[in-house]
Amino acid sequence: MPTLELLDQDVIVPVEALTAALSVPDGGFTVDTVTGERPRWGYAVSIFPELSRVIESVQVADLVAYMIDHEETLGEPSMLLGGWRDPVAGLAHLDVSVRVRDRSAAERLARRHSQIAYFDLAAGASVSVIES
């Protein structure tokens, strides 16, 4: 299984599995590229809209290139690599997210940075901030 070494550390990031997660509607992932772990607590929200990349059909090479392009930001504390396939538009979103402990902080950050949703890591679910 292909892996990627970032920041001169021996970190295993399973890029094939992450890419596969983006092939299904509402599929996705959140991973700490420094530790290779998938966090299970808190909320992940993209606060760098300028770093977001939208791709119709993500390939392993797309994910690897994104990780290399943003490895310095991804190496900062509390920064996570996120991917999500929008079930309505069918497009995959790659971004750098920050993990916060508080749900209300996640919602404020998502709105401030014009995001569609944030991700509840414990529940494993997206939380929309778009008014119906």
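Contact here means that heavy atoms lie within 4.5 Å of each other.

## Basis of the model

This is a predicted model, in which local features need pLDDT of at least 70 and side-chain atom pairs count only at pLDDT 80 or more, while totals for chains, interfaces and linings use all residues. Residues are numbered from 1 along each chain as its sequence is written, and side-chain values use heavy atoms, with hydrogens and water left out.

Helices (H or I, at least four residues) and strands (E, at least two) are DSSP runs, numbered from the N terminus. Ser46 belongs to strand 2, which covers residues 43-46, and Ser46 is buried, with a relative accessible area of 3%. The term buried stands for under 20% relative accessible area, exposed for over 50%, and partly exposed for values in between (1.4 Å probe, protein chains only). Leaving out residues up to four places away in sequence, Ser46 touches Ser52, Asp95, Val96, Ser97, His113 and Gln115.

Ala44 is also found in strand 2 and is buried, at a relative accessible area of 6%. With residues up to four places away in sequence not counted, Ala44 touches Thr30, Leu80, Ser97, Val98, Tyr118, Phe119 and Leu121.

## Aromatic rings

Rings of Phe, Tyr and Trp (its six-membered ring) pair if their centres lie within 6.5 Å, and planes under 30 degrees apart count as stacked, over 60 as edge-to-face and the rest as tilted. By this rule the count comes to one aromatic pair. The pair is formed by Tyr43 and Tyr118 and is edge-to-face, at 5.9 Å centre to centre and with 80 degrees between the planes. Tyr43 lies in strand 2 and Tyr118 in strand 6 (residues 117-120), so the pair ties together parts that are 75 residues apart in sequence. Tyr43 is buried at a relative accessible area of 14%, and Tyr118 counts as buried at 2% relative accessibility.

A charge sits over a ring if NZ of Lys or CZ of Arg is within 6 Å of the ring centre and within 35 degrees of the ring normal. Arg99 lies over the face of Trp41 in this sense, at 3.9 Å from the ring centre.

## The largest pocket

On a 1 Å grid over the protein atoms alone, a pocket is an open set of points where a 1.4 Å probe fits, with protein on both sides within 12 Å along at least five of seven lines, and lining residues have an atom within 4 Å of a point. Grid points are joined across faces, edges and corners, and a volume is the space filled by probe spheres set on the points. About 570 Å³ of space lies in the largest pocket. The lining of this pocket has 29 residues, of which Gly83, Trp84, Asp95, Phe119 and Ser126 are the closest to its centre. Two or more lining residues come from each of strand 1 (28-31), strand 2, strand 4 (79-85), strand 5 (92-100), strand 6 and strand 7 (125-128).

The lining divides into 12 nonpolar, 13 polar and four charged residues, where Ala, Val, Leu, Ile, Met, Phe, Trp, Tyr, Cys and Pro count as nonpolar, Asp, Glu, Lys and Arg as charged, and the others, Gly among them, as polar.

Gly82 lies in strand 4 and counts as buried, at 6% relative accessibility. Residues up to four places away in sequence aside, Gly82 touches Phe29, Thr30, His93, Leu94 and Asp95.

Pro39 is found in the loop between strand 1 and strand 2, where Pro39 is buried with a relative accessible area of 9%. Apart from its neighbours within four places in sequence, Pro39 is in contact with Thr30, Val31, Asp32, Leu80, Arg99 and Leu121.

## Loop residues with positive phi

Asp26 has a phi near 65 degrees, a positive value in a residue other than glycine. Asp26 lies in the loop between helix 1 (15-21) and strand 1 and counts as partly exposed, at 45% relative accessibility.

Ser114 likewise is not a glycine and has a positive phi, of about 55 degrees. Ser114 lies in the loop between helix 4 (103-112) and strand 6 and is exposed, with a relative accessible area of 66%.
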